[in-house]
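Trainee: Please take one part of this model and go through it closely. Then connect it to the rest.

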Amino acid sequence: MSDRPHPFLIVVAGLVYLFLMLPLVIVVGAALSDTTYLTFPPQGLSLRWFENIFEISAFRRTIVTSLQIAFLGTMIALLIGIPAAYALNRFRIELPKWLGTLFVLPILVPEIVFGFALLKSFTVGTGAPIFLSLLIGHTLIVLPYVVRVISASLASFDFSVEEAAISLGSAPVKTFFTIVLPNIRAGVIAAFILAFITSLNDVSVSLFLTGPGISTLPIQILAHVEQFFDPTVASVSVLLMFLTVAVMAVVERTLGLTFLAK
Amino acid sequence: MTSRRFWRRSGATGWALSAPATLAVIGFLLIPIGAVIAGTFMDPRGVFAPYISYFNSGFRTTVLFRTLQIAAITTIISLIFGFMTAYVVSRAPGKLKSLLIVAAVFPLLTGVVVRAFAWLIILGRNGILNQTLLGLGITSEPLEMLYTQGAVIIGMVYLFVPLMVLSLVGVLENIPKDVLQASSSLGASPLATFWQVLLPLAVPGLIVGAVLVFTGSFTAYATPQLLGGERQTVLATLLHQRAMVSFDWVGASTIAAIMTVITITIVLAMSHIARRINPMAT
Amino acid sequence: MTQPLDLQAVSAHYGTTKVLEDLSLSVQAGELVSLLGASGCGKTTTLRLIAGFLRPTTGSIQLGGRDLTRLPPHKRDIGLVFQNYALFPHLSVLDNVAFGLKQRGLGSSERRKRAMAMLERVGLSALADRAPGALSGGQKQRVALARALVIEPPLLMFDEPLSNLDAKLRVDMRVEIRQLQRSNGTTSVYVTHDQEEAFSISDRVAIMSAGRLMQFDKPEILYRRPANTFVARFVGFENIIPLKVIAREGDVVTAETAGVTLRLSQAVYGAIPDTFLLATRPDGLVVSTDPAAEGLPARLGLRTYLGRAYQYQCETAAGPLIANGSLTAPLEAGTGVKLVPMPEQCTILASEGAR
C-alpha cells in the first residue's frame, strides 16, 4: 500500500519507541556516573562501577553460575528438544496432538509456580543439590523455545529430501546428521541464542532454587538493589545489554535480524 | 524392511525420539505442580480449608484483585499502544521496518530485572523524574511515585509492549494485502477499511496478544517486587514471601494453585474463542 | 454507465527501476482488452496504476473523461477481480457482495436486494450465508466477480482471475466472464499470461514485454500478422528466416539466404523490403521429399509425435528450423528434404536492425 498511516499514529508510534529506548539509555548513563548514588545525566564519567562489579564476590560468583546454568541448560534442552521437535514434525500423523501442547506447558504454567513446585516437590522432597535443581528448572523453561524454533525450521524442511538420501543408501541416523541437521542449522543457532538469553535473564524460577553459595545474576541484582542504591547494578545491566547487543550482532551476521521477530 | 516399516507407521520411533523431553516435562513440571495443587486438598482442617482461609483474609483477597486489576490495565494499555505502533511498523518501508523490529526485540532480550531497575532510577524519590520536576519548579517536594500501582503498571507496560508490538506486526502482515486493496477498490475509505476489514481480521491476533500480556503480567515477579514493594503486593510476590520468608508452604501452595488455575483457564478459554472467530482458519 | 479508458504516456518506477515505459493505451467503451505477457512485463503494474495502488511517474489516466491520475483508489469506482479472489474472510458471501454497496451509503434492505440479485446472476444465491472459506475455487471466483459487478462500475478489471483454477473450470469461467461482461457492456481490462485465454476472451489484446507495449490489436491480427519478432515468437512463429532481396520481377521477389533462393509474391505478402524476415509456424513449412520442390534444403533430425502431426527438428543452411510433417509418411532422421513455406501461413517482418 502506498498510503501512509495517519500522522497521529506515527506520532504515537514514535512516542512508544521513545518510551522503549529512553529507560535503557538512562541505565547506561547512570552506569557511567562517577557519583556513589544513581543519577542521570551522569556527573563525571567513570568506569569505576564496572570495576566494582568484579570486586563484589557475590557478583563474580553469580555471573559464573548464571553462564554455567544458561549454557548447560540450553545444551540439554537442545539435546532433548531437537529429537522431540523432529518427531513432532516427521511423525505428525502418528503422534497425538497433546504431545505438542505438552512442550508448551513450561511457558503456559506461571514460571513462579513452576519454581516453587520444583523446590517443594523435587528439591526438598528428594534432597537434590541446588545446582541440579536450578539446571533442571532452567532446562525446562527454555525447552518450549527450543522445540518451537526447531519445529518452525523443520516445518519448511522438505522431508522427501531425507527420504531421497535414505533411498540412496544412507542410514537413517546418519541421514539426520548429514541431511536434516545442516538444513535446520539456522533454527538451531536461533534456538540456542533465544534459550541462552531466556535462561540468563530468568528470575521467577531461579528465585526459589538458590541456596547458600548458589545464586544467579538476576537474583543477585535483585538482592543488591534492595540493599544498596549505587550504580553497580546499572553497570551490571549495561554489561548484560552489551551481551545482548553482541548476541544480536551474531544473529545479524548469521541469520539476519528479522529472524528473531518470528 | 518390514520391521522398519512397522516402526515408521506405528510412530514408535516418534515416541522414542520425543521420550526424553516428554519425561522431563512430566517428571519435573507436571508431577511437581500436580503434587503442589493436590497437597492443598489434603489439609487436616478439611478439603477446601486452605482456600477458605485464603478468601477469608481481606489482605489476600485484596492482593488477588489487585493482581487481576494490574494485569487487566496493563493488557488494555499494551493493546492500544501496541496495536497503533504495530500498524505503523507494518506499513513502514523495508529497511525502516527491520530497524523498528530490532528496536522492539532489543528490550525483549534485555532482562526483566534490568528493565524494572531502569524505572527505579526514573521514578525513585531522588529519581530523574523528580529531579526534573523539582528543577522545573513544577513541584516543590519530590513526588512519591515508587511503590504505587501506577509505578507497577508503567513497569509492566514497559515489559510487555514490545511483545505486543512484535506479535501484532506478525498478525497485521499476515492479513493479505489484496484483501485491503479489494476493500478500497470497492470504495471504502482508509478509515472504513480499517474498521470494517483490518480490525475484524486482526481480532484473533489481538486476543492472542492480550492473553500473552495478561498472563505475563498476572504472574510477573521482579517488576512488582522492585517497583511496587510490599505496599503493592501481588500474587507472585505474596507467593514468594509466604514460601521463603514465612515458610507457610500450605499458603504458598494455595496461591500457586490459584495462579495456575486462573492462568490456564484464561489461556484455554481465550485461545478457544480466538480459534472460533478466526475467519482465516478455513 | 460504460466509459472509455485512456492511458497516455504512462511511466512507472519501483524505486529506481523503471517498470513501465511510456505506455499509451485506449480502451473503447464496452470493450474487453487483455494485457498479455510474461511475468515482469508490466501488465500487473498497469492494472495497479489504473486501480490507483501505484502512482505513475509521468502520464495520465482518464476514465470517461474523468482524470484518475491523482485520485486515491477508493474514489476511482473501478470493479476489481483479484487473482487470489481477496474475499473478506470475516464476512459472509452476501456481505462480501454487499460491501461496496455499503460504502456507497445504500440502506441494508436495498443492499441485500441488489447483492442477492447479483448472486442469483452468478448462480450462488443458495450460498449467500456461507463463509468464503467454505467455498470452492470456482465459487470464490464467482463471488469476487459478483462483488465487483454489483457496484456497477464504469470499468472492470481482472488480475489473472483464472490462474488458480483447474483447466476445465478455467475454460467454463472465461466463457461466463465474457457473457457477463457482454451483457453488461462494461469496459474491461483483463490481465493474463495465458495466450489462449487472452485471445479467446478479448476484443483486443495488448502484448507487453519489459514494460513496453509490443502490439495492440485484435486477436485474429496478432495471430496471423505479428508486427515484430517478439510478438511473432510469442504467438508461435518459431521459424524466423532472414532474407535479402536479389531480384524483383513485377510482383515476384527473389530472396536469398545462405545460398538458397526463395521466390515470394508481393500479391500475397504485401510490399517486401530489401532485407526482411520470413516468419512461420512449424505448420507453415511443408516437408517435401520431392527434390524438385522449391524450398530450403534440410536434413531431418529428431522426430516427435504431436498427435495431429510429426514434428521434425531440421538442419538447414539458414540455421535450425522446426517443421511439421504428415502422419501418413513418417520420415527417418537424416533424410534430406525440402522445406517449402506456405504463403498463407507465413508473414514478413522488418529486419530488427532496420526498425
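Mentor: Start with chain A. Among its contacts with a separation of 6 or more, 71% are between residues 24 or more positions apart. Two residues are in contact if their C-beta atoms, placed from the backbone, lie within 7 Å. This is a predicted model, where local features need pLDDT of at least 70, side-chain atom pairs count only at pLDDT 80 or more, and totals for chains, interfaces and linings use all residues. Residues are numbered from 1 along each chain as its sequence is written, while chains are lettered from A and ligands numbered from 1 in the order in which they are written.

Chain A has 12 helices and zero strands. Helices (H or I, at least four residues) and strands (E, at least two) are DSSP runs, numbered from the N terminus. The pattern along the sequence of chain A is α-α-α-α-α-α-α-α-α-α-α-α. Its C-alpha trace spans about 70 × 65 × 30 Å along the principal axes. Chain A has 262 residues, and 46% of them count as buried. Buried means 20 or more other C-beta atoms within 10 Å of the residue's own; exposed means 12 or fewer; partly exposed is in between; C-beta atoms are placed from the backbone.

Now the A–B interface. Here 71 residues of chain A touch 71 residues of chain B. On the chain A side, helix α1 (residues 7-31) of chain A gives the most, 13 residues. That side of chain A holds 58 nonpolar, seven polar and six charged residues. The classes are these: Ala, Val, Leu, Ile, Met, Phe, Trp, Tyr, Cys and Pro count as nonpolar; Asp, Glu, Lys and Arg as charged; the others, Gly among them, as polar.

Take one residue of chain B as an example. B:Val114 sits in helix α6 (residues 112-123) of chain B. B:Val114 is buried because 25 other C-beta atoms lie within 10 Å. Neighbours within four places in sequence aside, B:Val114 is in contact with A:Val27, A:Ser237, A:Leu240 and A:Met241. B:Ala222 is 108 residues from B:Val114 in sequence, and their C-alpha atoms are 9.6 Å apart in space.

Chain B has domain 1 (1-40) and domain 2 (48-276). Such bounds come from an automatic or database domain assignment. The C-alpha centres of these two domains of chain B are 34 Å apart. Five residues of domain 1 of chain B contact seven residues of domain 2 of chain B. The domain 1 side of that contact in chain B has three nonpolar, two polar and no charged residues.

Chain B also meets chain C. That contact takes 18 residues from chain B and 22 residues from chain C. On the chain B side, α9 (177-185) and α10 (190-219) of chain B each supply at least two residues. The largest share, six residues, is from α9(B). This side of chain B has 11 nonpolar, six polar and one charged residues.

Next, chain C. Its domain assignment gives domain 1 (5-233) and domain 2 (237-346). Their C-alpha centres lie 41 Å apart. Four residues from domain 1 of chain C and four residues from domain 2 of chain C make the contact. The domain 1 side of chain C has two nonpolar, one polar and one charged residues.

The UniProt record, an unreviewed entry, annotates residues 5-235 of chain C as "domain: ABC transporter". UniProt positions are given in the numbering used here, feature names are shortened, and annotations may be inferred rather than shown by experiment. In residues 5-235 of chain C, 36% is helix and 26% is strand, and the end C-alpha atoms lie 26 Å apart.

Helix α4 (residues 137-149) of chain C has 13 residues, so at 1.5 Å a residue the helix should span 18 Å; its end C-alpha atoms are 18 Å apart, which agrees. The expected span is 1.5 Å times one less than the number of residues. Of the 13 residues in α4(C), 10 are buried. Among them are C:Lys140, C:Arg142, C:Leu145 and C:Leu149. The buried residues of α4(C) pack against β6 (78-81), α2 (93-103), α3 (108-121), β7 (155-159) and α5 (167-184) of chain C.

Last, confidence. The mean pLDDT of chain C is 92, and 99% of its residues reach 70 or more. pLDDT is the predictor's confidence in each residue, from 0 to 100. Among the elements of chain C, strand β3 (residues 32-36) of chain C has the highest mean pLDDT (97) and helix α9 (residues 266-269) of chain C the lowest (87). For the complex, the predictor gives an ipTM of 0.91 and a pTM of 0.85.
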